[in-house]
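Visitor: I have a structure to look at with you today. Could you walk me through its cores and open spaces?

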Amino acid sequence: MTKTFHIKSYSHIKNQTVSVNGQAIFRDENEDFPLFIKNAYKFLKTDYPKFFKMDNLSKLAFLAADVLLKNENLNEEENNIALIFSNKASSLDTDRKHQAAIENEAEYFPSPAVFVYTLPNICLGEISIKHRLYSENSFFIFDRFNAEHLQLYTNSLLQSGKAEKVLCGWVDFDDNSYEAFLYLVENVGKIEHNTEEITRLYNIL
Amino acid sequence: MAKTYLSYNNIHSNLGFNSETVVENISKGLSGLDRYEDASLLPGPFCASLISSEKIEDEFNKIGDASKFTKLEQMMILSLKKVVDPSNIPLNEKVGLIISTTKGNIDVLEKESEFPKNRAYLSELGKIIQNFFGFKNESIVLSNACVSGVMAISVAKRFISEGKYDNVFIASGDLVTKFILSGFNSFQALSAEPCKPYDKYRVGINLGEVSASVLVTSSKEGLPAEAVEILGDASRNDANHISGPSRTGEGLFRSVKAALNEANITSAEIDYISAHGTATPFNDEMEAIAFSRLGMELVPLNSLKGFFGHTLGASGLLETIVGMHSMEKNILFSSKGFTELGVSKHINIIKGNTPKMLKVFLKTASGFGGCNTAVIFKKTTTNQP
């Protein structure tokens, strides 16, 4: 039997603003992303020192996920929430940093702390560690936000029982331009899980 | 739920430009790994399996203008063409395309590159492959570290089950670049000698470049002899560390359990494990612990990294294709580079090619970000050894 699923909550981080369910919870005048995200982290009382080791993409994804998952009363041991994320720029922001460190023979200093972030799915690992998610993780790359793909893949995971809930969306970081939109899909919620609603929420801010 | 099969397949590696030749070379024990000293790639000596750019260009010029495509694009298109052509499927809206890669055209970021920098966007790579063949659907690019190649099979299966597609082509590939070599070297993870998965004297990985492609289909008609059915698949995160595997093999253990559960079989029914086996001390130890916890100590297991090196986003698909041919031939291939067990739990590493009636095999992979994927395959034919 085909079950229907719902969007329980959603978050945006863009234009120096962190929003949950369409309501701004933090706004900052800083146009510089590292400063903005640090201020957001402090304001939200995140208290997770590993945050400062993360690259820009992971910081963006981590906070966008954290503002939703901290309201979920998650189990301290383990949770079966799949993470299905996507973006356009993959990990290019950090890729460029690693490339700059190996470009010249005279200044050849590749760093493992940078290199490990040259994969887009590392941010999924960061979120999984914080929230004890021993679950499905996938990172897809598209030219633009692709609601249909996310909707279908999420439905498949929930329908087949491979995940109890799915946190999915878009986290993109490219040359100080950034955008995160995540939403939590599960059995209950007020918003129907279909491509029209996903697109509407994506564009709501 | 609709059944799904892996059908036509191709491997482009320095061991050959089709699966049959590559598998033949593996059965002879030939490795594609060589020692290199090339300061334009890495300041010190290294061991890797590389494909000659000239050979790829010569091949590509038979089907297109090589000067317009990067080396990776040429490799991936050449490989995919050898799957698309024999499949003879009209590329309509019921046909999907999945691209599996970790770094794509990352070499265009180098100063010397003749290609525009925007070629480094993975969606550009997807578009180029999609347009070369005229796929109607936008390509789906999967970039999930070292599990990408196996996970792409899961993704294809799920889209077919959802009724979105009847057929999905998967093209996978990654290059050995200065970018990748310098990064793994900064982790002190590289071995300058041919790698020795699970061996007592293993010191690290070798990198390799291949492109590998497969057709995933819901149709049982016209399958090649090596075709397999996908019985079950799962991915699980370790929730432990972003660059080191879990010491208890938690994610791998859970992913295999979940895949067995979906396949509705017990671990006793697995005839062969095509494992990840990168030959780093931590990875191989983690796998041994996970397989031991699963009660799979006696199941014959190999790593193919001694033949190809670690081929990143292609590795899982490449190794699955070799597994398909291994089952068809009813031969377990030797785990090259292995002599003496060097992990704390007993596992049954294949020493020397061994004939065995094979029906079901398990493919696993693990990667940075704590990801682990397991897929179980069943032979579709009933050939005897």
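Guide: Happy to! This is a predicted model, where local features need pLDDT of at least 70, side-chain atom pairs count only at pLDDT 80 or more, and totals for chains, interfaces and linings use all residues. Residues are numbered from 1 along each chain as its sequence is written, chains are lettered from A and ligands numbered from 1 in the order in which they are written, and side-chain values use heavy atoms, with hydrogens and water left out.

Visitor: Which residues touch the most other members of the largest nonpolar core?

Guide: A nonpolar core is a set of buried Ala, Val, Leu, Ile, Met, Phe, Trp, Tyr and Cys residues joined through side-chain atoms within 4.5 Å. Buried means under 20% relative accessible area, exposed over 50%, and partly exposed in between (1.4 Å probe, protein chains only). Of the 174 residues in the largest core, the ones with the most contacts to other members are A:Phe85, A:Leu167, B:Phe169 and B:Phe308.

Visitor: And which helix gives the most to this core?

Guide: Helices (H or I, at least four residues) and strands (E, at least two) are DSSP runs, numbered from the N terminus. With 10 residues, the top contributor is helix 2 (residues 56-69) of chain A.

Visitor: Where does this core lie relative to the domains of chain B?

Guide: Domain bounds come from an automatic or database domain assignment. Both domains of chain B give residues to the core, so the core lies between domain 1 (5-217) and domain 2 (228-379).

Visitor: What is the volume of the largest pocket?

Guide: On a 1 Å grid over the protein atoms alone, a pocket is an open set of points with protein on both sides within 12 Å along at least five of seven lines, while a cavity is a set where a 1.4 Å probe fits but cannot get out; lining residues have an atom within 4 Å of a point. Grid points are joined across faces, edges and corners, and a volume is the space filled by probe spheres set on the points. For the largest pocket, that gives about 920 Å³.

Visitor: Which residues lie nearest the centre of that largest pocket?

Guide: Its lining has 13 nonpolar, nine polar and 11 charged residues, where Ala, Val, Leu, Ile, Met, Phe, Trp, Tyr, Cys and Pro count as nonpolar, Asp, Glu, Lys and Arg as charged, and the others, Gly among them, as polar. Of the 33 lining residues, those nearest the centre are B:Leu41, B:Ser53, B:Lys71, B:Asp107 and B:Glu110.

Visitor: Which element gives the most to the lining of the second largest pocket?

Guide: This pocket holds about 650 Å³, and its lining draws at least three residues from each of domain 1 (5-217) and domain 2 (228-379) of chain B. The lining has 14 nonpolar, 17 polar and three charged residues. With six residues, the leading element is helix 8 of chain B.

Visitor: What is the volume of the largest cavity?

Guide: The count comes to one cavity of 30 Å³ or more. Among its lining residues are A:Phe115, B:Cys146 and B:Leu312. The volume is about 80 Å³.

Visitor: Is B:Leu312 buried or exposed?

Guide: B:Leu312 lies in the loop between helix 9 (305-308) and helix 10 (315-329) of chain B, and has a positive phi of about 50° although it is not a glycine. Its relative accessible area is 3%, so B:Leu312 is buried.

Visitor: And is A:Asp175 buried or exposed?

Guide: A:Asp175 also has a positive phi, near 55°, and sits in the loop between strand 6 (165-174) and strand 7 (177-186) of chain A. Its relative accessible area is 59%, so A:Asp175 is exposed.
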